[in-house]
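Please read this briefing beside the sequence and the 3D view that follow.

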Amino acid sequence: MQINNYDLYLRLFITIVLCLSGFVIPKNKILFFIQSCWLITITCFNTMSGDWLGNQQYYDTVDLTNSTNYSNFFFNLIITLCKKSNLSYTEFNGLFAFIASLIILIVIRKYSNNPNIVLSLWYIFPFIDNIIQKRAYYGLSFTILAVMLLLHNKPSLKVLFYYIVLILLAAQIHEMYLYYLILPVFIYMKDNLKKYFIILMMILEILFKSKFIELLNNTPISSKSTYFLGGVGNITSKGIITIIIWQMLQFLIILYVGNRFKDKRLMYLNLWSLTLMPLYFFGAAFTRIYRVVLFANDVKISNLIHRDKFYVKQECVLFIYTLVMIISFILFDLNGTGGIENMVFQVFENNYLLSL
């Protein structure tokens, strides 16, 4: 549903004000509630965005009776049950987007000392992308929960079990999150082996791309192999270099934070994320996997800030990191293939609740 420019700019204005407010008032529960309500409103009641038609088609065509693809069996089973209950795709997306948003908001409240800052950073990036890439967003929430459990708890079989279950749940929704099954191996291995692990992973990803495609084509997740490794969503060499520099900027910030403020687990997570870089040569879609790392970085950066006392170095880190998030928004949303009209305006123009 198209709206007039006044309503569009009002919604954008509210988003910007709530985003800026989080940096000024980082702990206020009322503001967090308002930020959360607005995030849920824009995310859950969206009725059109860049990937809407593709996601709706997936929902409409799911049929377990004739399916031989079991990689998304439980997710497809839920879709089937929802369709039998006469839920439209708009209602289904609203339900799953709400669950995903609620999980992320609970994780923010649990692990952040300044939750409003985390939400503000999240508003800058990848808020828009999460709304557009709907299945990726549903799975993102479970992966975020799994990774934060892994980072903030002592190693144990119980934690590892929860982690694996959550990752497998996320992978039922979107197969790309299977990549996170490698993370515990990296985190728990000896420090002197980590650099060799990263090098080995990068070499394997570069040398055996064709083998990966062949392997995937003979597994239940063959439907995604073409998209992720076969060229769909590929970017130019300039684009690849830009994305690598983008990720390295964040890595350097976290390297400084980890060394100065003693957070080895977060450093390990960011070190592990370097293994994603060769995958960017295969397709831009792999940048979605990094968003879980980005969330963990948001939480850590926000925890450096103490509004009762001004610390120059911590404030500078937050300022630089926020600039990187703004660059991320410009890079992926404003200068993306969809442009500002399709990437940003559609998200705010098409909203069932706000259009009532």
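The term pLDDT stands for the predictor's confidence in each residue, on a scale from 0 to 100. This is a predicted model, in which local features need pLDDT of at least 70 and side-chain atom pairs count only at pLDDT 80 or more, whereas totals for chains, interfaces and linings use all residues. Residues are numbered from 1 along each chain as its sequence is written, and side-chain values use heavy atoms, with hydrogens and water left out.

**Confidence**

- Across the chain the mean pLDDT is 89, and 90% of the residues reach 70 or more.
- Over residues 218-223 pLDDT stays under 50, and for this stretch the model has eleven contacts beyond four places in sequence, a contact being heavy atoms within 4.5 Å.
- Where pLDDT is low, the predicted coordinates should not be read in detail.

**Salt bridges**

- Side chains of opposite charge can pair when their charged atoms come close.
- A salt bridge is taken here as a side-chain nitrogen of Lys or Arg within 4 Å of a carboxyl oxygen of Asp or Glu, and by this rule the count comes to three.
- One of them joins the side chains of Asp-129 and Arg-291, with an N to O distance of 3.8 Å; this pair links distant parts of the chain, since Asp-129 lies in helix α7 (residues 127-132) and Arg-291 in helix α16 (residues 291-303), 162 residues apart.
- Helices (H or I, at least four residues) and strands (E, at least two) are DSSP runs, numbered from the N terminus.
- Asp-129 is buried at a relative accessible area of 3%, and Arg-291 also counts as buried, at 7%; buried means under 20% relative accessible area, exposed over 50%, and partly exposed in between (1.4 Å probe, protein chains only).
- Asp-191 forms a salt bridge with Lys-194 at 3.4 Å, N to O, and both residues lie in helix α11 (residues 191-207), three residues apart, which is about one turn of the helix.
- Lys-264 forms a salt bridge with Asp-191 as well, the closest N and O atoms being 4.0 Å apart; here the pair links distant parts of the chain, with Lys-264 in helix α15 (residues 264-273) and Asp-191 in helix α11, 73 residues apart.
- Asp-191, Lys-194 and Lys-264 are thus linked in a network of salt bridges, in which Lys-194 is buried at 4% relative accessible area, Asp-191 is partly exposed at 42%, and Lys-264 is exposed at 55%.

**Nonpolar core**

- In soluble globular proteins, nonpolar side chains tend to be buried together.
- The largest nonpolar core has 111 residues, of which Tyr-180 and Phe-295 touch the most other members; such a core is a set of buried Ala, Val, Leu, Ile, Met, Phe, Trp, Tyr and Cys residues joined through side-chain atoms within 4.5 Å.
- Leaving aside residues up to four places away in sequence, Tyr-180 touches several residues, among them Val-147, Tyr-163, Trp-272 and Val-293.

**A loop residue**

- Pro-155 is found in the loop between α8 (134-151) and α9 (157-173), where it counts as exposed at 52% relative accessibility.
- Beyond residues up to four places away in sequence, Pro-155 touches Tyr-188 and Arg-265.
- The C-alpha atoms of Pro-155 and Leu-274 are separated by 23 Å, and the two residues are 119 residues apart along the chain.
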